[in-house]
Amino acid sequence: MVASALCFAIMPVFAKVAYRQGVEPFGLLAWRFVGAAAVLWGLMWWQHRRAAAVVPRGWQAWRLLLLGAVLLAGEVSLYFIGLQYLSAGLAEVLLFLFPAWVVIITAVWRRTWPGTLVVGCTLVAVFGAGLAVQGGVVGLPGDVMRGAVLLIGASLTFALYIVLSGRAAEQVGPLQTTTLVITGGAVSFVLAALLTGAAGPADPLGYAMAAAIALVSTVLSFGLLTAGLALLPATHVSVIATSEPVFAVILGWQLLAETVSVGQVGGMVLVLGAIAVILARDLARPVEVVPAETG
């Protein structure tokens, strides 16, 4: 999960460089997901030849394709469009409201009140995100709200994806789940790029960034994330994943020369602190061991 977080964290750096080369979000995303899907299908074919791995079929396969085409594609679209208005580090901070959403969605799903602590920490996290926005604006002042809304929407959508994909990873397997989800996303982004006429890479640096995002920030990142979800509960995964914004801020500072203001640091501390308190409570609870079913 830490390796997955690092692979995700460097994605804004690749995307920012691609944007500077004239690449537009949907054009970049189409190249990213098509390239990643091609690599993953190659890996699955190789695994099938060596170990006779089963490829999901029927409704199981369609469910995973729809998960990628709708939820994952929606989250990534909101993130990449919002990234045009906010710094790489700030975009990661806003995206990382998602662990709080995971806790709340899980509580609603199980029909249990999340508790005063969860509600209070979520409000602190939202306030901290708002504070961080004031220190990390890249576009015009009028774009602040637009970028913030897009990234908060991405965080909520990603939380839904985490909750729904965890069970699929346990049942189908990490590689199969990742391959079908990414393929569903590829279909959505190719259609979006064609419908909007979004510009893709047009020079060696643009192609290099698209390839880096496909291999490092898609194949590796989602593959490791899915493997982690197959081994750990979604809320525990969210705890470990909070290392990603730290990586993103450091990489944006070192590689893109992005400045980090005192207010932005304060907002980050509030967001990550609130998330840590919510999920530390969950980790502190004893794990109930359920006997495995037989038959």
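The lining of the largest cavity divides into 15 nonpolar residues, one polar residue and three charged residues; here Ala, Val, Leu, Ile, Met, Phe, Trp, Tyr, Cys and Pro count as nonpolar, Asp, Glu, Lys and Arg as charged, and the others, Gly among them, as polar. The model is predicted: local features need pLDDT of at least 70 and side-chain atom pairs count only at pLDDT 80 or more, while totals for chains, interfaces and linings use all residues. Residues are numbered from 1 along each chain as its sequence is written, and side-chain values use heavy atoms, with hydrogens and water left out.

**Cavities**

- Two cavities of 30 Å³ or more are found in the whole structure (a cavity is a set of points on a 1 Å grid over the protein atoms alone where a 1.4 Å probe fits but cannot get out).
- The largest cavity has a volume of about 170 Å³, the volume being the space filled by probe spheres set on the points.
- Its lining comprises 19 residues, of which Phe8, Leu95, Phe158, Leu225 and Glu244 are the closest to the centre; lining residues have an atom within 4 Å of a point.
- At least two lining residues come from each of α1 (2–9), α4 (58–82), α8 (144–172) and α10 (204–231), and α4 gives the largest share, four residues.

**Fold and surface**

- The protein chain has 13 helices and zero strands (DSSP runs: H or I of at least four residues for helices, E of at least two for strands).
- Of its 295 residues, 51% count as buried, meaning under 20% relative accessible area with a 1.4 Å probe, protein chains only.
- The protein chain exposes about 13,800 Å², of which carbon and sulfur atoms supply 71% (Shrake-Rupley method, 1.4 Å probe).

Note on methods. On a 1 Å grid over the protein atoms alone, a cavity is a set of points where a 1.4 Å probe fits but cannot get out, and a pocket is an open set with protein on both sides within 12 Å along at least five of seven lines; lining residues have an atom within 4 Å of a point. Buried means under 20% relative accessible area, exposed over 50%, partly exposed in between (1.4 Å probe, protein chains only).
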